[in-house]
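Subject: Structure handover

Hello,

Here is the structure I promised to pass on. Please open it before you read further.

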Amino acid sequence: MPGGAAVAEMRDLALAAAREAGFDLCGIAGVAPSARLAAFAPWVESGQAGEMHYLARRGAGGRYLREAVREAWPWAQAVICAAAVYNAPAPRSLDIAHDPARGWISRYAWGDDYHDCLRRRLEQVAQRLRQQAPEEQFHLTVDTAPLIERAAAEQAGLGWLAKNTCLIHPRLGSYFFLGSIVTSLPLAADDPLPDRCGSCRRCIEACPTQALTPHAMDASRCIAYLNLELRGPVPEDLRAGMGNNLIGCDICQDVCPWNRRAPVTDAPEFQPRPGFVAPLLLELAALTEDAYRERFRHSAAKRAKFSGLRRSLALAMGNSGNPAYRATLQRWQADADAVLAEHAAWALAQIEQGATA
Ligand code: B12
Ligand code: SF4
Ligand code: SF4
């Protein structure tokens, strides 16, 4: 293990390499137990993770892997946390929420799949560190490892864990991704930033499915869970709240005052692909499965899968109340996909109710 001065140099190297790789922020978190991590077990045990069973994976000793960084990486001494802005200059979801012709794909999914983009950048950082300390361990992750990345990034001084549960940076807002490198290097940790939500509650009040309480989310009610993670039927009491959201949901970030002047990125990989900003419902509904695969190749939006997208399209059509969707919904009502057929029937009932009201 390198000594004091050498470790300080490695810290500087990590921060400089992150900047050169295109990250907007980088900081270092320690791996000691924390109040944030202690909040994980009660959260997952109360069922708020819904069907995201991967979140509840346990280590050999029976504890949740996410409960402590060293559960998954016993050799860990620090976490290098980096952030990349994905905000692009285009409208907010609420600007088109009442357009019956259009649906909403979340901002984070407009460009190329962030998992690949951030991983490439993290690889550049790790490569520089490995050259200087080939005997040390470096585990790179964007989402997939059992690390609560926002809790680590909060400790690394990248922002505060806000009431909408997003990490917000006072200059960048919250439209940024996180990537992390768990390392055996004993890098000195940064200081966290203060919470600046104050008395604001806009996100909590704007959430259409009442998924938020201050600093905590019942993910089983979150629209991003319902349209990206949940595979079966959407609970009926949450369908109307989904509005026209097809992939993810931006509402609690779009209403946040810290995003009002959030900077945009010029990174080519995060610029909106044609047809991703506020797409026409009928245009997406006409995609065959092959055309769907082509359209969403290398996009984070493909997590919804063809069946999930059509299920959300049916709900968006029903929620619009627009009779123009009758023909598509009638066809889907007879579809071999039983979940789609049932959602199409629900949507048709909404349109008929609207027509007779
Ligand atoms: C599962 C998951 C989801 C789920 C569940 C979200 C959730 N809140 O858990 C769903 C599908 C709903 C989701 C939605 C979104 N996600 Co997501 N998601 C993840 C993932 C893979 C795991 C998160 C996790 O472990 N959750 C478990 C819960 C317990 O953790 P937590 O929400 O962070 O909770 C912490 C707080 O509650 C806090 N806490 C507890 N008590 C208290 C008390 C106080 C006072 C305070 C201050 C804090 C606090 O500590 C908890 C940890 O114990 C992470 C990547 C990762 N590996 O971390 C990305 C991640 C969190 N998601 C991300 C993004 C971008 C999104 C979306 C914006 C995508 C979209 N547009 O639809 C939305 C945002 C919704 C929102 N308001 O958070 C980013 C967040 C970036 C940021 N700036 O915050 C991450 C980090 C992915 C990445 N690599 O960039 N996501
Ligand atoms: S992403 Fe949407 S549904 Fe989820 S908590 Fe935020 S506003 Fe609510
Ligand atoms: S909308 Fe208000 S309460 Fe919610 S995250 Fe933003 S500042 Fe915090």
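First, some ground rules. This is a predicted model: local features need pLDDT of at least 70, side-chain atom pairs count only at pLDDT 80 or more, and totals for chains, interfaces and linings use all residues. Residues are numbered from 1 along each chain as its sequence is written, while chains are lettered from A and ligands numbered from 1 in the order in which they are written.

**The chain**

The chain has 16 helices and ten strands. Both are DSSP runs numbered from the N terminus (helices: H or I, at least four residues; strands: E, at least two). Its C-alpha atoms fill a box of roughly 75 × 40 × 40 Å along the principal axes.

**Two domains**

The domain assignment gives domain 1 (4-88 + 108-183) and domain 2 (202-356). Such bounds come from an automatic or database assignment. The domain centres, taken over C-alpha atoms, are 28 Å apart. In all, 31 residues of domain 1 are in contact with 36 residues of domain 2. Contact means C-beta atoms, placed from the backbone, within 7 Å. On the domain 1 side, helix 6 (residues 114-132) gives the most, with four residues. That side divides into 15 nonpolar, eleven polar and five charged residues. Here Ala, Val, Leu, Ile, Met, Phe, Trp, Tyr, Cys and Pro count as nonpolar, Asp, Glu, Lys and Arg as charged, and the others, Gly among them, as polar.

A residue is near a ligand if its C-beta atom, placed from the backbone, lies within 6 Å of it.

- Ligand 1 is surrounded by 39 residues; the closest are Ala 39, Ser 106, Glu 149, Ala 224 and Gly 248. Elements that give two or more residues include helix 2 (35-38), helix 7 (149-155) and strand 7 (176-183). The shell has 26 nonpolar, six polar and seven charged residues. Each domain supplies at least three residues.
- Ligand 2 has Cys 207, Cys 222, Cys 249 and Cys 252 among the residues around it. Helix 9 (223-228) and helix 11 (251-254) each supply at least two residues of the shell. Its shell has ten nonpolar, two polar and no charged residues.

**A helix pair**

How do helix 14 and helix 16 cross, and at what angle? The axes of helix 14 (residues 305-320) and helix 16 (residues 338-356) come within 7 Å and cross at roughly 10 degrees. The axes are lines fitted to C-alpha atoms over the stretch in contact, with angles from 0 to 180 degrees between N-to-C directions. The two helices are therefore roughly parallel, a term for angles under 35 degrees. The contact includes Arg 310 and Leu 315 of helix 14 and His 343 and Trp 346 of helix 16. Its residues divide into nine nonpolar, five polar and two charged.

Best wishes

Methods. Angles under 35 degrees count as roughly parallel, over 145 as roughly antiparallel, 65 to 115 as roughly perpendicular and the rest as oblique. Two residues are in contact if their C-beta atoms, placed from the backbone, lie within 7 Å.
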